[in-house]
Amino acid sequence: MWLFAFFHAQTPLGRIVKAGVCGAAVVAAYSGLVSAPPSSAQIGLSLAVIVALWLHGYRESRQLSYASALCDAEIREDEGGIRVAGGGLDLVLHLPSRTLTVNKVAKRFVSPDAPGEFQRLRSGRFEWPFRALAVEPELTAADARAASKRWTDETVTIPSSTTDTAAREAASANVTSVGEREIDVYWVHPGQGDRLLFSVAGPAGKYEAMERAFSIFSAWIDREDEARRAIERRHKAEAWQRDWEAKRLAEELEHTRRRGDGATDESPPHLLATARTMAPSRRW
């Protein structure tokens, strides 16, 4: 594996060039060793070229393994975080701050609709809301006709004409391969609505962990929102209870005050009798 790092490159031509340069460097190093006297400069330059080729191949192998690895999710519920890595992705979902932090994403996954800075850096931080949507493979025209006839209990027949064959091939040209699954990650821009950040596509199980991570994070958000709404409802109920008790106490105090004022205004009975006795008689 370490030896193959000398030949890692993105294109076959690049591998051929690297193999040629590596062979020339080995020959130059050997000739420098066997020459009399040994050429230290030639040996050093050859070794430097060999090391540079190896480092380049090692980085290429790391990038290839990073892009082809199975996507995996590390869920830390106690910390409220989920890290998704592999398959050309490295991102973190953080519940306390409600953010999506994209550390790295393969260039081929980035959408042209994404923000310009994200397209340039292929990394960024985005606030909630965001979501991952699975794109179901579209049916070809022939499959649609077959499904329609199946539901209407008609016999499905395959057209044999050249025109229909060409139409079927053209319709199936843009259809996702069987077993492939595409997942789109959207972020809601405050002023522009949904923005497609990146899309990943691969075998059905390759990015299942990422889809599950976004689903779990959405469930965490819903649970947190529900708990917050429950606390708000309880606070409103407690405030209503306090207001009702304050009004009831005020009404009782007002009723007591009125009863006290009425008792003060009424004169005692013996005072009324004395006043009648002292009043002059109308007969005289």
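Predicted model: local features only at pLDDT ≥ 70, side-chain atom pairs only at ≥ 80, totals over all residues.
Strand β1, covering residues 72–76, is joined to β2 by five bridges, and the two strands run antiparallel.

Is G81 buried or exposed? Its relative accessibility is 12%, and because buried means under 20% relative accessible area, G81 counts as buried. When its neighbours within four places in sequence are left aside, G81 is in contact with E74, I75, R76, L93 and W220. Another relation can be followed to P96, which stands 15 residues away from G81 along the chain, while the C-alpha atoms of the two are separated by 8.3 Å.

We can now turn to the loops, where some backbone angles deserve a careful look. R98 is found in the loop between β3 (89–94) and β4 (99–105), and R98 has a positive phi of about 55° although it is not a glycine. R122, in the loop between α3 (116–121) and β5, likewise has a positive phi of about 55° without being a glycine. With a relative accessible area of 33%, R122 is partly exposed. In the loop between β5 (124–127) and β6 lies P129, and the peptide bond that leads from W128 to P129 is cis, with omega near 15°.

Next comes an open sheet, in which three strands stand in the order β6-β7-β8 with antiparallel pairing. Its edge strands are β6 (130–135) and β8 (193–203), each of which pairs on one side only. Neighbouring strands of this sheet are turned against each other by 25° on average, if direction is ignored. Six bridges join β6 to strand β7, which covers residues 180–189, and F130 stands opposite W187 in β7.

At 48% relative accessibility V17 counts as partly exposed, because a residue is called exposed when its relative accessible area is over 50% and buried when it is under 20%.

Note on methods. Residues numbered from 1 in each chain as written. Heavy atoms only, no water. Buried < 20%, exposed > 50% of the residue type's maximum accessible area, 1.4 Å probe, protein only. Contact = heavy atoms within 4.5 Å. Pairing = 2+ DSSP bridges. Helix = DSSP H or I, 4+ residues; strand = E, 2+ residues; numbered from the N terminus. Axes fitted to C-alpha atoms, helices over the stretch in contact; angles between N-to-C directions.
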